Amino acid sequence: MHAPAFRTRVTELFGIRHPILAGGLMWLSDAAYVAAVVRAGGMAFLTPRSFPEPGAFARELERCHDLAGGMPFGVNLNLSRVPARNRLLEEWLDLALRAGVRHFETVGHAPGDLIQRIHQEGGIAIHKCPLLRHALNAEKAGADAVCIVGPEAGGHPGNAALGCMVVAPMARRALRVPLVIGGGIGTGESILAALASGADGVVMGSRLLAAEEVWAHPAYKQRVVAAGQDSTAVAFGGAHPLGTWRVLENDAAREVLRRQAAGAREHADFAEVIAGTEARDHAYRRGEVERGMLSCGPAAAFVEEVEPMERIIDGLVQGAVAAQRRLAALAVPQAVPA
Ligand SMILES: Cc1cc2nc3c(=O)[nH]c(=O)nc-3n(C[C@H](O)[C@H](O)[C@H](O)COP(=O)(O)O)c2cc1C
């Protein structure tokens, strides 16, 4: 396990060894994944929506506690604009708090009440969003840290327009709370660049998808390993009502883009192709990788093999340290004033 190489406000806030967060992954960030990240020195977040009912989520919390050897881990809470989709939010929060979880990644619409509740129980919340404007609102609403993701991010980067490396120095100047950036980060060099740009840490997803501890089918992981710079596609971009979704370019994604180009706009026009169960049951469970919208960004191009999470994280930290040394060697010695 790599020794701590960077101490930032994010490592201090979360009590972690490395400034690396693994964002919640629908269907994939289960106890094995989250515990693997935590044991490797980062912080990761279970996604309650991935479980069929609160009881299953509660059992996963217990499993995560055991697999993490009692080390703190996090939970992702996603606030939908559609009130019916937030029906179980309170219950998920209660279950997580009862299980001793104090680290939350909030996402989505108007997180103020949720953040307040988390604070009442002694927890901390990092709010993830696509725009600096949202991050400033989250800071005002009490978020302990914010995370801004660019359009390179796998999954739903929202209406992010600027790459995270552009946003970072702007955000650094505008925000007081610790800043995490993400979207396209898959190497140690990028982590160092993020820190140099004013971020206190990074959030990652796509680079970690082929970790040994991810439960998905080997054929899916091989697809991630094979991904290159052009292997992802963006569906529902612009002002499409279904919201931007960056995925691996497979048959399902191509079919969605074809229907979109033909003018389809309603959820019902895409329902059988984009259903989450397509990804879960076909691609992740059975390795039928042409089915399902498989959230993924171009950082997957940095995945070269299936390997244990600890080796991935250690490699990232080593890469960041090496980049730092390379930069230090570029510095022109300055004359000492007489
Ligand atoms: C397979 C996958 C599933 C994701 N599911 C979620 C999710 O359920 N909730 C969430 O907040 N973010 C989700 N994300 C976004 C990640 O948490 C993270 O913000 C993003 O992956 C960072 O960008 P990167 O993919 O370029 O590393 C998902 C990303 C991927 C790749």
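Which residues do ring pairs link into a cluster? In this predicted model, local features are described only at a pLDDT of at least 70 and side-chain atom pairs only at pLDDT 80 or more, whereas totals for chains, interfaces and linings use all residues. Residues are numbered from 1 along each chain as its sequence is written, and side-chain values rest on heavy atoms, with hydrogens and water left out.

The cluster consists of Trp-215, Tyr-220 and Tyr-284, which are linked by ring pairs. A pair of aromatic rings is described by the distance of the centres and the angle of the planes. Rings of Phe, Tyr and Trp (for Trp, its six-membered ring) are taken to pair if their centres lie within 6.5 Å, with planes under 30 degrees apart counted as stacked, over 60 as edge-to-face and the rest as tilted. A search of the whole structure finds 5 aromatic pairs. One of them is formed by Phe-14 and Phe-45, which are edge-to-face because the ring centres are 6.5 Å apart and the planes stand at 80 degrees. Phe-14 belongs to helix α1 (residues 9-14) and Phe-45 to strand β2 (residues 43-46), so this pair ties together parts that are 31 residues apart in sequence; helices (H or I, at least four residues) and strands (E, at least two) are DSSP runs, numbered from the N terminus. Both Phe-14 and Phe-45 are buried, where buried means under 20% relative accessible area, exposed over 50%, and partly exposed in between (1.4 Å probe, protein chains only).

Trp-215 and Tyr-284 also form an edge-to-face pair, at 6.2 Å centre to centre and with 80 degrees between the planes. Trp-215 lies in the loop between β8 (201-204) and α9, and Tyr-284 in helix α12, so the pair ties together parts that are 69 residues apart in sequence. Trp-215 is partly exposed, with a relative accessible area of 32%, whereas Tyr-284, at 4% relative accessibility, counts as buried.

Helix α12 (residues 276-286) has Glu-278, Ala-279, Asp-281, His-282, Ala-283 and Tyr-284 as buried residues, and these pack against α9 (218-226) and α11 (271-274). His-282, located in helix α12, counts as buried at 13% relative accessibility. When its neighbours within four places in sequence are left aside, His-282 is in contact (heavy atoms within 4.5 Å) with Thr-277, Gly-287, Glu-288 and Arg-291.
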